[in-house]
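This briefing covers backbone exceptions, domain layout and helix packing. The structure is shown first.

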Amino acid sequence: MILVTENIGGKWIDELKKKFAVTIEPDLWKSPDKIKALLPKCRALIVRNQTRVNADLLSAAAQLQVIGRAGAGLDNIEVPAATARGIVVASTPDQNSISVAELTLALILALARKLPAADRHAKNGGWERRRFVGAELYGKNFGVVGLGRIGFLTALRARALGMNILAHDAYISPDAVAASETRAQLMEMDTLLARADFVSCHMPLTPETQHFFNYDRFCRMKPSAFFLNLARGEVADENGLIRALQEKRIAGAALDVREKEPPAPGPLEEMENVILTPHIAAFTREAQERVVAAVCHDVAAVLEGRAAKNFVNFPKPNPSSPKGGGNQ
Ligand code: MLT
């Protein structure tokens with residue numbers, strides 16, 4: 001059986017159903033015990049970002065061969081635990097990057113031109129144009145933190161609008177293509193914070209990046225600057241952000257991701273200079289088509305004894321793994 005524990009469907013899943021028994025339970029991610037009870041019967045598991053695939057869950061994975069992650073981030077999957085059991089982990093690293101980059105640009109423009117507030121104002125019959133004087137992006141400094149695929153595509157688009165690209169990435173070499181193609185100036189984090197008009201976070205969530213953006217770092221930004229997070233909520237300390245916004249240390253923020261999803265309503269929901277979206281960066285028809293196609297391709301490949309394309313650990317189950325579980 002292939003178990004799908006989140007809301008994933010469409011023609012590629014229908015194709016998968018022609019060859020395999022597929023059980024789709026869109027809300028199952030909320031009940032880890034139920035997943036654990038079903039797991040002994042599963043040869044494949046397909047998830048988005050909400051199912052916590054940890055060592056405890058995988059202890060029930062007697063015949064699991066592949067975990068398909070429909071998305072890029074791997075923070076909800078304990079890859080070493082899967083590897084130890086010989087289970088292939090396949091993700092879709094590049095399939096939604098364009099959509100995330102495009103939403104980042106949309107949010108930068110929306111912040112600069114106060115679009116949500118202007119929209120509400122006009123719909124309520126208002127016409128006070130002076131209240132919505134915004135700022136041009138042309139000539140402004142776009143600070144991208146994490147110049148991976150999404151950071152790169154975002155920076156390219158910001159460049160096309162005439163922005164100067166400032167970048168910080170602890171793992172990039174100065175001659176990297178991403179830096180030269182975007183004409184990004186690579187710099188230390190504090191320098192970027194001091195100079196950027198927009199600071200956009202595109203780092204994965206890892207133990208090192210948790211709460212990377214904290215109150216201290218927000219205070220190092222310009223009071224006129226905006227913070228954007230379309231990566232993972234836990235990379236930014238939400239309480240620190242709220243405090244920085246309340247004290248007017250920064251001008252505003254746009255968040256597509258939250259520390260807890262879905263979040264409990266709090267001060268951010270009340271702030272006029274904060275734009276919130278419900279983790280929709282990857283949710284375009286095009287990106288979802290590519291994501292689901294890629295994950296279904298890899299799951300079918302592994303179950304049919306072929307190699308996965310976008311494997312994270314190994315392309316086929318590893319039957320010689322010490323704890324077994326791979327190819328039974
Ligand atoms: C991703 O990691 O690909 C995006 O955040 C979307 C998702 O997690 O489903």
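Pro262 sits in the loop between β11 (252–255) and β12 (274–276). The model is a predicted one.

**Backbone**
- Most residues other than glycine have a negative phi, and most peptide bonds are trans.
- Arg183 is not a glycine, yet its phi is positive, at about 50°.
- Arg183 lies in the loop that runs between α8 (177–182) and β8 (185–186).

**Domains**
- The domain assignment divides the protein chain into domain 1, made of 2–95 + 285–303, and domain 2, made of 97–276.
- The centres of domain 1 and domain 2, taken over C-alpha atoms, are 31 Å apart.
- Domain 1 gives 10 residues to the contact, and domain 2 gives seven residues.
- About 710 Å² is buried between domain 1 and domain 2, and 37% of this area is on carbon and sulfur atoms.
- On the domain 1 side, the residues that lose the most area to domain 2 are Asp75, Pro93 and Asp94, which together account for 51% of what that side buries.

**Helices α1 and α12**
- Helix α1 (residues 11–19) packs on helix α12 (residues 285–303) at an angle of about 20°, and their axes are 8 Å apart.
- This angle is under 35 degrees, so α1 is roughly parallel to α12.
- α1 and α12 make a right-handed crossing.
- On α1 the contact is formed by Lys11, Trp12, Ile13 and Leu16, and on α12 by Glu289, Val292, Ala293, Cys296 and Ala300.
- By class, the residues of the contact of α1 with α12 are seven nonpolar and two charged, with no polar ones.

**Helices α5 and α7**
- Helix α5 (residues 97–112) and helix α7 (residues 149–160) have axes 8 Å apart and pack at an angle of about 45°.
- α5 and α7 are therefore oblique to each other.
- The crossing in which α5 passes α7 is right-handed.
- Seven nonpolar, three polar and three charged residues make up the contact of α5 with α7.

Methods: Residues are numbered from 1 along each chain as its sequence is written. This is a predicted model: local features need pLDDT of at least 70, side-chain atom pairs count only at pLDDT 80 or more; totals for chains, interfaces and linings use all residues. Side-chain values use heavy atoms; hydrogens and water are left out. Axes are lines fitted to C-alpha atoms, for helices over the stretch in contact, and angles run from 0 to 180 degrees between N-to-C directions. Helices (H or I, at least four residues) and strands (E, at least two) are DSSP runs, numbered from the N terminus. Angles under 35 degrees count as roughly parallel, over 145 as roughly antiparallel, 65 to 115 as roughly perpendicular and the rest as oblique. A crossing is left-handed if the near helix is turned anticlockwise from the far one by less than a right angle, and right-handed if clockwise. Ala, Val, Leu, Ile, Met, Phe, Trp, Tyr, Cys and Pro count as nonpolar, Asp, Glu, Lys and Arg as charged, and the others, Gly among them, as polar. Domain bounds come from an automatic or database domain assignment. Contact means heavy atoms within 4.5 Å. Buried area is the accessible area (1.4 Å probe) that two parts lose on being put together, summed over both.
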